[in-house]
Amino acid sequence: MVISSQEAVNQLKKGKAVAIPTETVYGLAASAFNLSAIESIFEIKGRPSDNPLIVHINSIEQLNLLVKDVSDEARTLIQAFWPGPLTLLFPKKDEVLDKITAGLPNVAVRMPEHPIALEIIQETGPLVAPSANRSGSPSPTRVEHVLSDYNGFIPVVDGGKCQVGIESTVLSLLHEPITILRPGKISKEHIEFVLHKPVEVATMKESHEKVMSPGMKYTHYSPKAKVRWMNTLELEGEFDKKSLYLHVFGSFNSEHHKGFNRDFNHFSRELFDQFRKADEQGFPEIAIEPFRNEDHEMASALLNRIQKAMGV
Ligand code: TXA
Ligand code: MG
């Protein structure tokens, strides 16, 4: 059911799980200092216990409750990007429950850029919040997605459509070289520009082997529809009704196409919603017009999510 932010604060203080909006995707939140609340998050989502959770904060005072040390580089990135879709790893204080970090010595923290999330966290203190999808679904970007994944049983605060639409960039300053564990809207180039240093992007294989970001090893959501690349020229005439076609540059016209008119931010905002719609409407195929990393700041994160949906 949909609840108010005040009701969410009450529920969270009582140790209940509540879905809340953030600028990236909806999160399934629980108090970061309540072990049974955190355990319920793993249960509700069916999440493996070795996949750690991000802690969401609304102030630097709250960060200091969680972490032993904030390096100069971390400070620089916080200045540049918080509140916003960048998650940073820090050495954790003993008070941070091992359940949150899956036994790892580091805790992942971010300050979301959504007025409702910030207002709730101000009242409750730090909240753990994985993406609020049930496993097997893409991350929810609208309140309807959360309601449908849990048949309305998980209370959710309506914060409208998530403005970023894909999950935050996860960055480790604790690895040498500095490594992006999960690409997101805050790009490698932007981080390099701010730090004046080269930054690596972990391949899936590296994350796997080094277990740098345990979540990377789990199979991700793939729509029932087959996802494939297809450019506008190939498309013309080949099908009209069979596929849902997503394109940023092309000008294909059909009732089943969704054009984003060179707007990668719009594309990102809608990607997971379109995946869900394709399956609801029974499309056997989602065709996506190819694009390149260089096309936009968000392109590499979008390529990452699309490749995962392809099962690559
Ligand atoms: O945008 C987001 O980050 C959303 C919203 C709700 O804030 N949250 C989100 O959480 O995507 P989740 O749990 O779906 O993904 C968190 C990712 C996982 O890949 C997890 O393995 C990684 O962050 N992670 C969390 N804590 C970590 C840690 N201590 N060390 C390495 N990776 C960590
Ligand atoms: Mg997730």
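## A loop residue with positive phi

Asn-261 lies in the loop between β14 and α11. In this predicted model, the phi angle of Asn-261 is near 50 degrees, a positive value in a residue other than glycine. Asn-261 has a relative accessible area of 69% and is therefore exposed, the cut-off being over 50%.

A positive phi is also found at Asn-151, where the angle is near 50 degrees in a residue other than glycine. Asn-151 belongs to the loop between α7 and β8 (156-157). With a relative accessibility of 61%, Asn-151 counts as exposed.

## Overall form

The protein contains twelve helices and 15 strands. Its radius of gyration is 19 Å, close to the 20 Å that the globule rule gives for 312 residues, so the protein is as compact as a globular protein of that length. The C-alpha trace spans about 60 × 45 × 35 Å along its principal axes.

Of the 312 residues, 55% count as buried. Among contacts with a separation of 6 or more, 66% come from residues 24 or more positions apart.

## Surface and charge

The protein carries 34 positive and 40 negative side chains. The centres of these two sets lie 3 Å apart.

## Aromatic pairs and a cluster

A pair of aromatic rings is described by the distance of the centres and the angle of the planes. The protein has eight aromatic pairs. One of them joins Trp-229 and Phe-291, with 5.9 Å centre to centre and 85 degrees between the planes, an edge-to-face arrangement. This pair links distant parts of the chain, 62 residues apart: Trp-229 is in strand β12 (residues 226-229), whereas Phe-291 is in the loop between β15 (285-288) and α12 (299-310). Trp-229 is partly exposed, at 27% relative accessible area, while Phe-291 counts as buried, at 9% relative accessibility.

The rings of Phe-249 and Phe-264 also form a pair; their centres are 5.8 Å apart and their planes stand at 65 degrees, so this pair is edge-to-face. Phe-249 lies in the loop between β13 (243-247) and β14 (257-259), and Phe-264 lies in helix α11 (residues 264-280), so the pair ties together parts that are 15 residues apart in sequence. Phe-249 counts as partly exposed, at 29% relative accessibility, and Phe-264 counts as buried, at 2%. The residues of both pairs belong to one aromatic cluster, formed by Trp-229, Phe-249, Phe-260, Phe-264, Phe-267 and Phe-291.

Asp-149 is found in helix α7 (residues 143-149). Its relative accessible area is 9%, so Asp-149 counts as buried under the 20% cut-off. Leaving aside neighbours within four places in sequence, Asp-149 is in contact with Asn-133, Arg-134, Ser-137 and Arg-276.

Thr-124 lies in helix α6 (residues 115-124). At 19% relative accessible area, Thr-124 is buried because the value is under 20%. Apart from neighbours within four places in sequence, Thr-124 is in contact with Val-9 and Leu-12. The C-alpha atoms of Thr-124 and Ile-57 are separated by 9.7 Å, and these residues are 67 residues apart along the chain.

The peptide bond from Trp-82 to Pro-83 is cis, with omega near -10 degrees. Pro-83 is found in the loop between α4 (72-81) and β5 (86-91). Another cis peptide bond runs from Glu-176 to Pro-177, with omega near -5 degrees.

Pro-177 lies in the loop between β9 and β10. His-175 is likewise placed in the loop between β9 (169-172) and β10 (179-182). With a relative accessibility of 25%, His-175 counts as partly exposed. The C-alpha atoms of His-175 and Arg-262 are separated by 35 Å, the two residues being 87 residues apart along the chain.

Notes:
Residues numbered from 1 in each chain as written. Chains lettered and ligands numbered in written order. Predicted model: local features only at pLDDT ≥ 70, side-chain atom pairs only at ≥ 80, totals over all residues. Heavy atoms only, no water. Helix = DSSP H or I, 4+ residues; strand = E, 2+ residues; numbered from the N terminus. Rg over C-alpha atoms; globule rule 2.2 N^0.38 Å. Buried < 20%, exposed > 50% of the residue type's maximum accessible area, 1.4 Å probe, protein only. Contact = heavy atoms within 4.5 Å. Lys, Arg positive; Asp, Glu negative; His and termini not counted. Charge placed at Lys NZ, Arg CZ, Asp CG, Glu CD. Phe/Tyr/Trp six-rings, centres within 6.5 Å; stacked < 30°, edge-to-face > 60°.
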